[in-house]
Amino acid sequence: MHSSERLLEIAVPTPLRRSFHYLPPDELPADTKPGCRFRVPFGSKSLIGILIGYTEESNTPLEKLRRAEKLLDPKPILPEAILKLCLWSADYYHHPVGDVLASAIPVLLRKGKPGQQVSHRLIATKKGKETDQSSLQRAPLQKAALTLLVRQMNGYDRKQLKAAGISSATIQALIRKGLVRRQEMTAPVTAFSLNKVNSENIMLTSEQEVALNSIGDHGTWLIQGITGSGKTEIYLRAIEKILRKNFQALVLVPEIGLTPQTVQRFSNRFDVPVVLLHSGLTDQERLNAWRMASSGQAGIVIGTRSAVFTPLARPGMIVVDEEHDASLKQHDGFRYSARDLAVLRGQFEHIPVLLGSATPSLESLNNAWTGKYTSVQLRHRPVDIAKESYQIINLRNRETRDGFSKPLIRLIEQHLQSGSQVLIFLNRRGFAPVLHCPECHWTANCHRCDARMTFHLHGQRLLCHHCGNENPMPQYCEQCHAGNLLLLGIGTQKIEDRLKILFPGVRVLRIDRDSTRRKGSLNSMLAELASGGPLILVGTQMIAKGHHFSEVTLSVIVDIDSSFYSTDFKAMERMGQLILQVGGRSGRSGKAGHVAIQSHFPDQPVLKQLIREGYTQFAKNLLQERRDNNLPPFCHQALIRAESKSRTRALEFLEELSANERSSPRVDLLGPVPSTMEKREGFYRAQLLFSSTSRRILHAELDLRIKFAENSKLARKVRWSIDVDPVDLY
Ligand SMILES: [Zn+2]
Ligand SMILES: [Zn+2]
């Protein structure tokens, strides 16, 4: 061992917030770059880690350093910019670097599969090339095969040999004689080229022209366009420009299953390979798609949040559609925001990033209004469709049955009679969320969560939407054994049921997680909708995302009032986004859309303002409120969450943590407090909120608390995690 040997700094997939030093394996090529995988000993195990750098010194004494076993990649599987993005993320989100890097790559790469497409070739060995072929006189088949292989330096794969009439038995015999060997070779990569664009004969509006022309070589653009204003067309034209220069585009969407129409438009427009990356893929499919992207074969890569880490051989542009959507933030483990990382990746790769939404998040709007992003507005629809109109149906002093008031029923009737379709939105699946005993007021609760069990018609069962816990429907009250239990509250199944009674003979479709579980069922329902005719569509937020329902003229929001009770400071922002997103689904084929919202608070000022003055003014006022109350984006927040099986331990741990001296008076601590839903999946949960106007000070504080936590005995008895820029505070 040479003391001057460079040490490898390797991120190993462990829950520890640090990297590890190793001695290089024997014969490590001098130009081995960070981003390559190594097999390394770790404890008694052998793991696959990623080289993140070299170092001359280590805190570990030289004699205790272990030697990496093997280099797995001839060239980095993660290019410099992506590695930098991962290291930045580990730092910013205070998450173990090994876990960050592991979650950035497909499962099969974590298990050691090659990063590039490989093919197994059969090649004549040196001995095979030099052998006197007359020695094979008595094996004419082998002689013929060898002759063929000697002439082709790169050999052939099995398929080609089979086509040439050479059996595997013949090859096996040649391998045994040492005349032929099998070799793994990197398959040649054919970069895409754009030959054809099916422009659909769409004329850009002058507004769209201006938007498109404003997009430059690097920076971030916030494209705020009302639904139907042609945002996707802007994406497509911008991507066309970069495809023509043979650069690749990455498109991030909240959920691919919900946006088949968008995906279709991309692949119909350009004759370049389009690959999809989402959770529905098998490990092998995911690896194949990743290889197509990283080798430069794919022109367009469309994926959900984790696709933000997908390497592109020639990155040209990143698009984040529906940038306000909460699902772009990971909700457990490594809690990153794919939108924020996309913006950063754009900076690292010096490429433009387009964020698009009809209802941008307040933080993005703030970035646009303060000049950090370029603001692009699409206020008009290309085709002359009137803007949808909004109406609040006052529920105060008005009877409703299963969610329907009389004026609402009349309204639905009118739209159905004119041959249109009606969309009804309710963000609660199942039949009824409460099973109640009128005798003793017992309700059926989940014993693992602080939540009620929802009754589902299918199978007559009670289901917990938080942990999946399932029970048969009880006949008697668990407390007083009375038999007349009542189902209270409404879910999408009950709405569906009620509609069938109210409008006999009218087709009712329900789209939620329960009705779309079977593969293909969503697509067949969408096809039925597109075929037209009077019909009622009932659904959860699945229908508020991305779909275009060209026959719908009335959208109904059954219940908006829970937003007014919420303690989450983001509740109003979400309410506004939801109303406009649901509203934007209607009125698209020459008929104006109408939106009806039922509420007990028809005079709620924020709601009224949204409807009268539109989203931008609504957002401006909410931002002012946030500024006045020192809430994000005018301060930065982070949560430390803890959970334990014992009722008090999580809270005790956080109390211990918060008792420590603060690093700066400029950090505010709130809590620890039990989470709003304290018990979930059998764990008691608590949280401690940090906020500061200085991001740097906040992060220094978090570093300090992590040190405390890592030395705490209580920490070993709880599960704890950090959530930076939390989307969900409760
Ligand atoms: Zn539960
Ligand atoms: Zn009872």
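**A covered helix and its surroundings**

Modeller: The buried residues of helix α13 are L362, S364, L365, N366, N367 and A368. The model is a predicted one, and α13 spans residues 362–369 in it. Six of the eight residues of this helix are buried, so the helix is mostly covered. An α-helix has 3.6 residues a turn, so residues three or four places apart point the same way.

What do the buried residues of α13 pack against? Three of the partners are helices: α12 (338–349), α18 (571–583) and α20 (615–628). The others are strands, namely β10 (219–225), β15 (352–357) and β16 (374–378). After α13 comes G371, which has a positive phi, near 90 degrees.

In the loop between α20 and β30 (636–644) lies P633, and a cis peptide bond with omega of about 5 degrees joins P632 to P633. N630 is placed in the loop between α20 and β30 as well. N630 is not a glycine, yet its phi is positive, about 55 degrees. With a relative accessible area of 40%, N630 is partly exposed. Most residues other than glycine have a negative phi, and most peptide bonds are trans.

P672 is located in β31, which covers residues 668–680, and the peptide bond between G671 and P672 is cis, with omega about 10 degrees. E681 sits in the loop between β31 and β32 (683–692). The phi of E681 is positive, near 50 degrees, and E681 is a residue other than glycine. The relative accessibility of E681 is 36%, so it counts as partly exposed.

Is Y93 buried or exposed? Its relative accessibility is 4%, under the cut-off of 20%, so Y93 counts as buried. Leaving out residues up to four places away in sequence, Y93 touches F334, R335, Y336, S337, D340, L341, I722 and V724. I424 is 331 residues from Y93 in sequence, and their C-alpha atoms are 39 Å apart.

Now for the whole protein. There are 22 helices and 33 strands in its secondary structure. The radius of gyration is 30 Å, close to the 27 Å that the globule rule gives for 730 residues, so the protein is as compact as a globular protein of that length. Along the principal axes, the C-alpha atoms fill a box of roughly 100 × 65 × 60 Å. Buried residues make up 53% of the 730. Among contacts with a separation of 6 or more, 75% are between residues 24 or more positions apart.

The accessible surface amounts to about 34200 Å², and carbon and sulfur atoms account for 49% of that.

Cysteines are the last topic. A disulfide is a covalent bond between the sulfur atoms of two cysteines. How many disulfides does the structure hold? The number is zero. C437 has a relative accessible area of 0% and is buried, while C467, at 17% relative accessibility, also counts as buried.

Terms used
Residues numbered from 1 in each chain as written. Chains lettered and ligands numbered in written order. Predicted model: local features only at pLDDT ≥ 70, side-chain atom pairs only at ≥ 80, totals over all residues. Heavy atoms only, no water. Helix = DSSP H or I, 4+ residues; strand = E, 2+ residues; numbered from the N terminus. Rg over C-alpha atoms; globule rule 2.2 N^0.38 Å. Buried < 20%, exposed > 50% of the residue type's maximum accessible area, 1.4 Å probe, protein only. Contact = heavy atoms within 4.5 Å. Areas by Shrake-Rupley, 256 points an atom, 1.4 Å probe, with all protein chains shown as cover. Disulfide = S-S within 2.5 Å.
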